[in-house]
Amino acid sequence: MKHKILNDLTLIKPKIKGESDKYSWNFFKHLNKIKDKEIKIYYHTRSYISGEPITFNENEFLIGNVIVVRGVIKSNGGLIGCALSNVLRGGKIEDYWYSNIHNDFYEITDEFFNLYLEKGRCLFDANHNGWLAHDDDRFTTYDKYRICNYCGKRQNKKVEKVCEEVTNWI
Ligand SMILES: [Zn+2]
């Protein structure tokens, strides 16, 4: 069964055209473009850096390992799609063919869309110390803490004095 996001893309459509808010405009635009295809999300189970096996974990989410698929080749299980990181960046998106002969990719469509619906772009910045484009509306800040308006995460404020030793020659 299709995930409800794929049946109704307005669920993840940003309020202002061309501007991301909780949800990414570029991701919405891409899904809208390929909505007549068989959209699936796959995760690559090897780290591109170390080659070590990895599993999908929402708290340590490797965005570079996610691909947005618009077709699975029936005969050999090959995947046609593009990297999620490219989709989020926007611009021209080219599709690639990914061999899945060693089963290095596995499907996370439902898990991914459930998390995306709940957390929006925070899924790509779980520790909330990164940078998201158009995120001016992301936090409500109080005296001692702030709340993420996208996913509800609360972060306490910690202020530290930093002493720095500086050498001057006079
Ligand atoms: Zn958040």
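Visitor: Let's pick one residue. Where does arginine 46 lie?
Guide: Arginine 46 sits in the loop between E1 and strand E2 (66-72). Keep in mind that this is a predicted model.

Visitor: What does arginine 46 count as, and why?
Guide: Arginine 46 has 14 C-beta neighbours inside 10 Å, so it counts as partly exposed. Buried would take 20 or more, and exposed would be 12 or fewer.

Visitor: Which residues is arginine 46 in contact with?
Guide: Neighbours within four places in sequence aside, arginine 46 is in contact with Gly51, Glu52, Pro53, Ile54 and Asp104.

Visitor: And how many Å apart are arginine 46 and phenylalanine 139?
Guide: Their C-alpha atoms are 34 Å apart in space, and the two residues are 93 apart in sequence.

Visitor: OK, back up. How many helices and strands does the chain have?
Guide: The chain has 4 helices and 8 strands. Along the sequence, they follow the pattern α-α-β-β-β-α-β-β-α-β-β-β.

Visitor: What box do the C-alpha atoms fill?
Guide: Roughly 75 × 40 × 25 Å, taken along the principal axes. Of the 170 residues of the chain, 24% count as buried.

Visitor: Back to the loop, then. What does E1 pair with?
Guide: E1 pairs with E2 in the antiparallel sense over 4 bridges. E1 also pairs with strand E5 (residues 105-107), again antiparallel, over 3 bridges.

Visitor: Which residues are the bridge partners of tyrosine 42?
Guide: In E2, the partner of tyrosine 42 is isoleucine 67. In E5, the partner of tyrosine 42 is glutamate 107. For tyrosine 43, the bridge partner in E2 is valine 66.

Visitor: Is E1 mostly covered or mostly open, and how many of its residues are buried?
Guide: Mostly covered: 4 of the 5 residues of E1 are buried.

Visitor: Which residues touch the most other members of the largest nonpolar core?
Guide: Tyr42, Ile67 and Val69, in a core of 27 residues. Helix H2 (25-33), E1, E2, helix H3 (84-89) and H4 each give two or more residues to this core. In soluble globular proteins, nonpolar side chains tend to be buried together.

Visitor: What is tyrosine 42 in contact with?
Guide: Leaving aside neighbours within four places in sequence, the contacts of tyrosine 42 are Ile67, Val69, Leu79, Phe105, Tyr106, Glu107 and Ile108.

Visitor: You mentioned E2. How does E2 pair with E3?
Guide: E2 and strand E3 (residues 79-83) are antiparallel over 5 bridges. Valine 68 stands opposite cysteine 82 in E3.

Visitor: How many residues are between E2 and E3?
Guide: There are 6, and the two strands form a hairpin. Glycine 77 in the turn has a positive phi of about 75 degrees.

Visitor: Now H3. Is leucine 84 buried or exposed?
Guide: Leucine 84 is found in helix H3. With 22 C-beta neighbours inside 10 Å, leucine 84 counts as buried.

Visitor: What does leucine 84 touch?
Guide: Not counting residues up to four places away in sequence, leucine 84 touches Ile63, Val66, Ile67 and Val68. Leucine 84 and glycine 64 are 20 residues apart in sequence and 6.9 Å apart in space, C-alpha to C-alpha.

Visitor: Next topic. Which residues are buried in helix H4?
Guide: In helix H4 (residues 109-119), the buried residues are Phe112, Phe113, Tyr116 and Lys119. They cover an arc of only 150 degrees around the axis, so they are on the same side of H4.

Visitor: What covers them?
Guide: The cover for the buried residues of H4 includes helix H1 (4-7) and strand E1 (40-44). Just after H4, glycine 120 takes a positive phi of about 60 degrees.

Visitor: One more. What is the order of strands in the open sheet of 3?
Guide: The order is E6-E7-E8, with antiparallel pairing. Strand E6 (139-141) and strand E8 (154-156) each have a single partner strand, so one side of each is left without a neighbour in the sheet. Neighbouring strands of this sheet are turned by 20 degrees against each other on average, direction ignored.

Visitor: Over how many bridges do E6 and E7 pair?
Guide: E6 and strand E7 (residues 145-148) pair over 3 bridges. The bridge partner of phenylalanine 139 in E7 is cysteine 148.

Definitions and conventions:
Residues numbered from 1 in each chain as written. Predicted model: local features only at pLDDT ≥ 70, side-chain atom pairs only at ≥ 80, totals over all residues. Pairing = 2+ DSSP bridges. Axes fitted to C-alpha atoms, helices over the stretch in contact; angles between N-to-C directions. Arc of directions from axis to C-beta. Contact = placed C-beta atoms within 7 Å. Core = buried A, V, L, I, M, F, W, Y, C linked by C-beta atoms within 7 Å.
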